[in-house]
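Please walk through this structure helix by helix. The account starts at the ligand and then turns to the helices and how they cross.

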Amino acid sequence: MATREEIAAAAVKIRGALVKNGVLPGVRAAEFFEVKNDNLVICRFDSLDVDALKKLEWRLDIVAIRDLGVFAIGADNCDAAAKLKAAENGGRAEKVPCAGNCGVLDGKVAVVTGGAQGFGFGISEALAAAGAEVVIADMNFDGAKAAAAKLVGNGHGAVAVNISDEESVRKMTEEVAFNYGGIDLFVANAGVLRAGSVKTLTKKDWDFVTNVNYSGYFLCVKHVAALMAEQNAVSGLWSDIVQVNSKSGLVGSNRNGAYAGSKFGTIGLTQSFALELVGDHIKVNSVCPGNFFDGPLWSDPERGLFVQYLNSGKVPGAKTVEDVKAFYESKIPMGRGCFPADVAKAIIYCVEQAYETGQAIPVTGGQVMLN
Ligand SMILES: NC(=O)c1ccc[n+]([C@@H]2O[C@H](COP(=O)([O-])OP(=O)(O)OC[C@H]3O[C@@H](n4cnc5c(N)ncnc54)[C@H](O)[C@@H]3O)[C@@H](O)[C@H]2O)c1
């Protein structure tokens, strides 16, 4: 019997092979079972034959490959899931409305790390509204499931991952390949911050930030790029990796060196990966948001940065959290903090723009400008 990894790899090839007019179908895999359902158009193979699949119209419902697995094909993943259910249980596949609202990301599978809250959740909301089927990948799995359930449309999902653990990242990639047949947009958003003076920051805090923000980005790109390369080699299409960096990746950040260093470093990774992966039809870009004042990092009433800065007297003369917020807003030419919708627009630009890779795009209301 085939392993889950082999089935996942086959799902990626099948989805790529069934590309039509630049659009990929929804694909959902299952471990092998006997399909007995006359209502479904079934194609049976003794082994995976990508060339034979390429010649097929993907109006078919089920591809069954002996000793490997069963793969449902649909207009999108919801449709494929309904067909898989019908293949397993009999009866007709109930037509499920597509995930999208005919947006620019219709039919695309997007994975967002750290999507259970903060920027990642807002980005997931915007991608879903633009038509993508979004998989929220987070170490807070319950939060990821709850967040995915709130997204507009159908076909969204959640997967548990710790991006600083390679085996966990490998499993996340395999899970998405198995259930979605590939990844068209990977948003490397998960990130952490431990501020502190270079004179006193502990090695433990330094390692924590570096392992998640720097090494975690490498691990994600390593595994996701391998999947995308397979997918694009078969389909001939392009796919996207977009990292959520920070304005602290473009200018230094006082008493915040571990974070700024990890963000500067990952721009180097983005540029290097972009140069290498262009050969696999993968664009790699970073977006560099300004401060999300309304998000948990800043506004959490107990541990947020506004409360911390108020209590530590970092902002001279500030008597309330509002005073601290006003101080930081006054540093921004456009007079407000960054919202997830601002970041999502930049991410969607990276996808829509076919002729750009290796960039780090500021989204800072004019606070940080490129040289
Ligand atoms: N908040 C800001 O003001 C701001 C500004 C610029 C850039 N950023 C960047 O945006 C991204 C998101 O920041 P945020 O403030 O929304 O964060 P957040 O702390 O609100 O949420 C981070 C999410 O990532 C998850 N996560 C943390 N470590 C993980 C790991 N090892 N594996 C998987 N998931 C993990 C958490 O569970 C959480 O759901 C980060 O990369 C951050 O550096 C944030």
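Which helices each supply at least two residues of the shell around the ligand? They are H4 (118–129), H7 and H9 (296–299), where helices (H or I, at least four residues) are DSSP runs numbered from the N terminus. This is a predicted model, in which local features need pLDDT of at least 70, side-chain atom pairs count only at pLDDT 80 or more, and totals for chains, interfaces and linings use all residues. Residues are numbered from 1 along each chain as its sequence is written.

The ligand is surrounded by 30 residues, each with its C-beta atom, placed from the backbone, within 6 Å of it. The closest are Gly114, Gly118, Phe119, Gly191 and Ser246. The shell has 14 nonpolar residues, 15 polar and one charged; Ala, Val, Leu, Ile, Met, Phe, Trp, Tyr, Cys and Pro count as nonpolar, Asp, Glu, Lys and Arg as charged, and the others, Gly among them, as polar.

H7 covers residues 203–235. Its 33 residues should span 48 Å at 1.5 Å a residue, and the end C-alpha atoms, 45 Å apart, agree with that; the expected span is 1.5 Å times one less than the number of residues. At Gly216, H7 bends by about 40 degrees, the angle between axes fitted to the seven residues ending there and the seven starting there. Gly236 follows H7 and has a positive phi, near 80 degrees.

H4 also meets H12 (residues 340–352): their axes come within 8 Å and cross at roughly 55 degrees, with axes fitted to C-alpha atoms over the stretch in contact and angles running from 0 to 180 degrees between N-to-C directions. H4 and H12 are therefore oblique to each other, since angles under 35 degrees count as roughly parallel, over 145 as roughly antiparallel, 65 to 115 as roughly perpendicular and the rest as oblique.
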